[in-house]
Amino acid sequence: PTPPGPDISERFAANNPYLHYQSDYYSQAEEMWRSVVGDEGGVWNETLLSLRKAILKLPEEEQVEKMDEFNLLRDKLTQPRIKPLSEESYDLCYGCLRAAIDTLEDEDNVLRTQMSLPERVHVEEPLRLR
C-alpha cells in the first residue's frame, strides 16, 4: 500500500497560501467549479485562482453572478475559523477577568479614599424587553 498523501486541508493550504481551509466553503468552491466548467472541464486543482479564471471565461451575465458568489466565498476563506473554547479554558479566562475587575475596584477604592472622594454609587438600569 502506498503511504497516504496530504489531506485536503493540507493541499488546500499549500495551493492557497493566504486562505484558511474550511470544509463547508471548500465544498461550495468545488461545486462552483463543477457548475462553471461542467463535466468535461477536468479535475479542479483546488486553487481559487483557477476557479476565478474559469469564471472569467463565462458569458458576461453569468460571470457577474458567479464572481459575486466567488468573492463572498473568498472572503469567508480569508478568515480563520474560530475554535470554541473548552469549558476549562472558559473558566480560566472568566476567572482572570473577574480577578482583573476586582483589582480595578480595589484600586478605585484606594484612590477615592486617598483623594477624599465619595464612594461610588452603582445605579443599575432596569431590564428592557424588546
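This is a predicted model: local features need pLDDT of at least 70, side-chain atom pairs count only at pLDDT 80 or more; totals for chains, interfaces and linings use all residues.
Q: Thanks! Which residue does the side chain of Arg11 meet in a salt bridge?
A: To read a salt bridge, look for a side-chain nitrogen of Lys or Arg within 4 Å of a carboxyl oxygen of Asp or Glu. Here the partner of Arg11 is Glu46, at 2.9 Å from N to O. Arg11 lies in helix 1 (residues 8-15) and Glu46 in the loop between helix 2 and helix 3, so the pair ties together parts that are 35 residues apart in sequence.

Q: Is Glu46 buried or exposed?
A: Glu46 is buried, because its relative accessible area of 8% falls under the 20% limit. Look at its backbone too: phi of Glu46 is near 65°, a positive value in a residue other than glycine.

Q: How many salt bridges does a search of the whole structure find?
A: There are four. One of them joins the side chains of Arg34 and Glu30, at 3.9 Å from N to O. Both residues belong to helix 2 and are four residues apart, about one turn of the helix. Another of the salt bridges links Asp75 with Arg74, at 3.2 Å.

Q: Now for the inside: how many residues does the largest nonpolar core have?
A: A nonpolar core is a set of buried nonpolar residues joined through side-chain atoms within 4.5 Å. The largest one here has 19 residues, and Leu48, Leu51 and Ile55 have the most contacts inside it. Helix 2 (23-37), helix 3 (48-56) and helix 4 each supply at least two of the core residues. The largest share, seven residues, comes from helix 2.

Q: And on the surface, which residues gather in a patch of negative charge?
A: Find Glu60, Glu61, Glu62, Glu65, Asp68 and Glu69. Of these, Glu69 is in helix 4 (residues 60-78) and counts as partly exposed, at 35% relative accessibility.

Q: Which residues make a nonpolar surface patch?
A: Leu85, Tyr90 and Tyr94 make one of about 350 Å². Tyr90 has its place in helix 5 (residues 87-114), and its 48% relative accessibility makes it partly exposed.

How values were computed. Residues are numbered from 1 along each chain as its sequence is written. Side-chain values use heavy atoms; hydrogens and water are left out. Patches are made of residues with over 30% relative accessible area and no salt bridge: like charges are joined within 9 Å, nonpolar side chains (Val, Leu, Ile, Met, Phe, Trp, Tyr) within 5 Å. Accessible areas come from the Shrake-Rupley method with a 1.4 Å probe; for residues, only the protein chains shown count as cover. Lys and Arg count as positive and Asp and Glu as negative; His and the chain ends are not counted. The place of a charge is taken as NZ of Lys, CZ of Arg, CG of Asp or CD of Glu. Buried means under 20% relative accessible area, exposed over 50%, partly exposed in between (1.4 Å probe, protein chains only).
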